[in-house]
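Please open the structure in your viewer and keep the selection tool at hand. The stops below follow one another, each with something to select and something to look for.

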Amino acid sequence: MKETKAAAFYQNPVHIVLLALCATLLWGAAFPSVKLGYAAFQVDTASPACLMVFAGVRFTLAGLVTLALCGLLHRRFPIPSRADGPGIVTIGLVQTTGQYLFYYIGLAHTTGVRASILNAASAFLTVLLSALIWRKKEPMTAKKWLGCLMGLAGVVLVNLGGTLGGQPFSLLGEGMILLSVCFISAGAVCSKVLTQGRDPFLITGWQLTLGGGVLLGAGLLLGGSIGAPAPSGVGLMALLVAISAVGFTIWTFLLKYNPVGKIAVFSFLTPVFGALLSSLVLGESLFSPATVLALVLVAGGIVLVNR
């Protein structure tokens, strides 16, 4: 009965839109927040180990917060079963460790606006992957193909001629963001497959804790560290923890009860929110012709896919 009610709630079109808006707004806010966090915690952005420690602290805390909320909701400590183990490990390593290892390195070497637009490629890659895996349930149509091509054209436009706003394409910047995109898409597919018949709340909490713990442990072993933050830094970390805990929990529930492609297309809102917030908070250039046209192409492509 509970599962039926949950399915009805998360499959309601209005609820899907509202929840997806909430998750993508949070993830969009992460772009400028992470860059501000680098300064607040005195992170050596030239050191992958230091970036891993910063990311590891964030996601380990986010996982623990999620598990605490899960425990309060169910009135018992959320202990995963043996059957949950493989799913938690897989999602944690792919969706948290893999994705954010490359994301944090990339974001340290490019602008928040540029990274947020490149991040839009995840929506279209996820649609393509879901169509390949679930050919009968989520077939590729002409509109989907056209929408994906439009969206990818927007991503290519960001790097047209190798520069945007005077900044050359960088393997450590844009290259790492694109690798992160691959892990985002793979993580969405893994989440859909491995959460069936399981509690998304519990899976999210443990995968964040595991994935964040791997990042933190590896970063410390490699000699990474972060500085003691000012009060503003503590607030930034609390915001980043909330973004991860709430955003991933919402997204995991939506993916469990809906087709992957249907949910993935809302990811276009992340770069829109990310670009706008990066421009407002960090003072980065947004309204260049190339950037605006790229956002229009991404948004137009997503509309076609979603129709």
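Does Q99 count as buried or exposed? At 7% relative accessibility, Q99 counts as buried, where buried means under 20% relative accessible area and exposed over 50%, with partly exposed in between (1.4 Å probe, protein chains only). Bear in mind that this is a predicted model, in which local features need pLDDT of at least 70 and side-chain atom pairs count only at pLDDT 80 or more, while totals for chains, interfaces and linings use all residues. Residues are numbered from 1 along each chain as its sequence is written, and side-chain values use heavy atoms, with hydrogens and water left out.

Stay with Q99, which lies in helix α4 (residues 85-107); helices here are DSSP runs (H or I, at least four residues), numbered from the N terminus. Leaving aside residues up to four places away in sequence, Q99 touches V94, S180, F183, I184 and F248, a contact being heavy atoms within 4.5 Å.

Next select S180, which lies in helix α8 and, at 1% relative accessibility, counts as buried. With residues up to four places away in sequence not counted, S180 touches Q99, F102 and Y103.

Finally, show α8 (residues 171-194) together with helix α6 (residues 121-133), and you will see the two pack at an angle of about 40 degrees, with their axes 9 Å apart. Axes are lines fitted to C-alpha atoms, for helices over the stretch in contact, and angles run from 0 to 180 degrees between N-to-C directions. Among the residues that meet here are L125 and L129 in α6 and V181 and I184 in α8.
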